Amino acid sequence: MKADPSGVLTGTHNISGNYACAEGALAAGCRFLGVYPIAPALEVSERFLQRAKKVGATFIQMEDEISTLAAVIGASWTGKKSMTVTSGPGLSLMMEHIGLGIMLETPCVIVDVQRVGPGLGLPSQPSQGDMMQARWGSHGDYELIALAPSSSQEMFDFTIKAFNFSERFRIPVAVMSDEYVAHLQEEVVIPRAKDITLEPRRYFDGPIGSYLPFKRDEDLIPRMVDIGQGYKFHVTGLTHDDRGYPIMNEECQEYNVHPLVKKIRDYTDEIIEVQEVNIEDADIIIISYGVSSKAALKAMEQARGLGLKVGSLKLVTVWPFPEKRVAELAGKVNAFVVPEMNFGQVVLEVERCSYGKSNVFFIPHGGKGVEDTEDILKAINQAVQDDRIIDRIVELR
Amino acid sequence: MEIPKTMQQEETQGSRSGMDITHPMENVLRMDRIPHIWCPGCGIGLAVTAFAAALEKAEIDLNKVAIVSGIGCTGRVAGYVKLDSFHTTHGRAIAFATGIKVANPDMKVVVFSGDGDLIAIGGNHFIHAARRNIDMLVICVNNFIYAMTGGQVAPTTPLAAYATTCPFGCVEPPFNIPYLAESSGAVYVARWTTLHVRRLMNSFVEALNKKGFSVVEAISPCAQYYSRINRLGDGLDMMRFYHDNTEIRHGEDTKNLDIAYQGKIIMGKFVDRERPSYTDRYNEWLSEIKDDENEPG
């Protein structure tokens, strides 16, 4: 399926990450945006509203982030691709409905423009402190998909990718941006509508009365219908059977919830994307995502200039985590260097997946702008000198 | 995956006995979900019956009606009504329904939930949907207590009434739901008890055909918790109380509708007015924008 040209602003633009996100959403066919105002995510809704009439999109500003994601899920069932955009404190409030979205298997996109926490933190500074919250914040067992853009162009591309994943797997997908990417003015090339491929929603088209909202196809993904088509279906956030009726026993819990996890875990090869540079001969690999990967690539180049064999692995999808690839590399390289704009989140996954076979050097970063190339170089330097297999945090200050 | 045996629904009464029994409301109720979960003496079933009758009487396209419930005893209603139906999170039914209505204005949206769900945890969504005048019907079954969780004090529990979390009597004044609805912007506000099923049904019919945020409060006996803790007898005794202690005062000022413990309950249609709905205003705003006026360069 190709993009609807009315939403695609083909051309080369010099726009911020937030604007690029709105453009990506419109190009992907998003026609419902629910928001609650929060810094530094505001400009997405401003841009979206500027274009709403021409594109035929609907917008609502709700009374809080709880109701916002509830409205987005409701809107998605009308057949409109739906999205919300928020920041850390808002994401905290959205946890309830991430769980509902998972349980109702509702496609939707949540853009989290991360700011420094905890609590109210620094509203206008970038951070990568919500990575674990996005993955584990809602109660119960679930899998979701999270993408981490590092530039305006990626903001555009990954927002489209997020909508495609959400329709493909009937799941909420998070785009983990941050304040730096959100406000960075960069060149964004928006292709022609016919060059943008979109994942169509998989509809049930059988007779009225025969629709089962959670009857899974071979690939574990159930089919959807829209509200108002006459199917008169029922869905519930309780543990349910194929009909969407609540069934309160352990067998049904297994029947219902196991596929929620399996429908992602069985398709990690299709979902996971990493960008590898200079991996082949590397002794040390910098694993990074989002804006940190800008510093990581620069540090890699500088280290190569000094004759050190350093490679870079950039995570496009942070969740599900590319555990197979990291485990594969763990036996081959001396060390992973992990710069993150937090005090240690995704590094825990790197440590887990390296099974003690490689050193893991973590560079903590508690909100002093963006990741510094110097810090990464220092960590690389330590990694070169210390090849004992031990996890360590690089002492920087 | 095979469907486990414990999940397969038992056959319904009719087919088991081999007789051709059809329920008169089969058209609007999910018969495959009967029996329902509500206790003997509960009034929610009566409110659902009144609603089901109203759906048929209102002469609206049932394919274009969606029902959303939150959590609690009344939160289960969506699961028994044969419409596009959603059983959502605690207190957020109105927010979820707002998304449906705004994204697809052709739908008639009904929120059917309880007092704790709509007025406590969902209180913020209630007042904001009323303020925006989202075109939806909110049916609030008020049984003065959190019943699903075993009888805790609610924001509607009358002063001095007992509940498990106020063993010495409720010390918080309750919300007057019609007053809250009217002052927040609702265009249609009515209150009945579940004894007055025909009047309740007529209010549902009126409200289903009303454009804007409509609230119908249905006061219901909770024979299992509210009544037992307060020693008010069984469901029938509470119905008798409603019979003897209610008064119809249409158009009464909603300020005067507080409910005291075992006090007189004023019922009727209190508010029926016109205000532009959210969708009206949104479309008006869109039509005023000239093409490309707002288009970024």
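Biologist: How are things numbered, and what needs which pLDDT?
Modeller: Residues count from 1 along each chain as its sequence is written, and chains are lettered from A and ligands numbered from 1 in the order in which they are written. The model is predicted, so local features need pLDDT of at least 70 and side-chain atom pairs count only at pLDDT 80 or more, while totals for chains, interfaces and linings use all residues.

Biologist: How many residues of chain A are in contact with chain B?
Modeller: 45 residues of chain A, with 40 residues of chain B; contact means C-beta atoms, placed from the backbone, within 7 Å.

Biologist: Which element of chain A gives the most to that side?
Modeller: α3(A), with eight residues. Helices (H or I, at least four residues) and strands (E, at least two) are DSSP runs, numbered from the N terminus.

Biologist: Which strand of chain B is joined to β10(A)?
Modeller: β2(B), residues 84-87, through three bridges, and the two run parallel. V235(A) has F86(B) as its bridge partner there.

Biologist: New topic. Is α3(B) buried or exposed?
Modeller: Eleven of its eleven residues, 93-103, are buried, so α3(B) is largely enclosed by the rest of the structure. Buried means 20 or more other C-beta atoms within 10 Å of a residue's own, exposed 12 or fewer, and partly exposed in between, with C-beta atoms placed from the backbone. K101(B) is among the buried ones.

Biologist: And where is R325(A)?
Modeller: In helix α11(A), residues 323-330. R325(A) is partly exposed, because 17 other C-beta atoms lie within 10 Å.

Key
Two residues are in contact if their C-beta atoms, placed from the backbone, lie within 7 Å. Two strands pair if DSSP finds at least two bridges between them.
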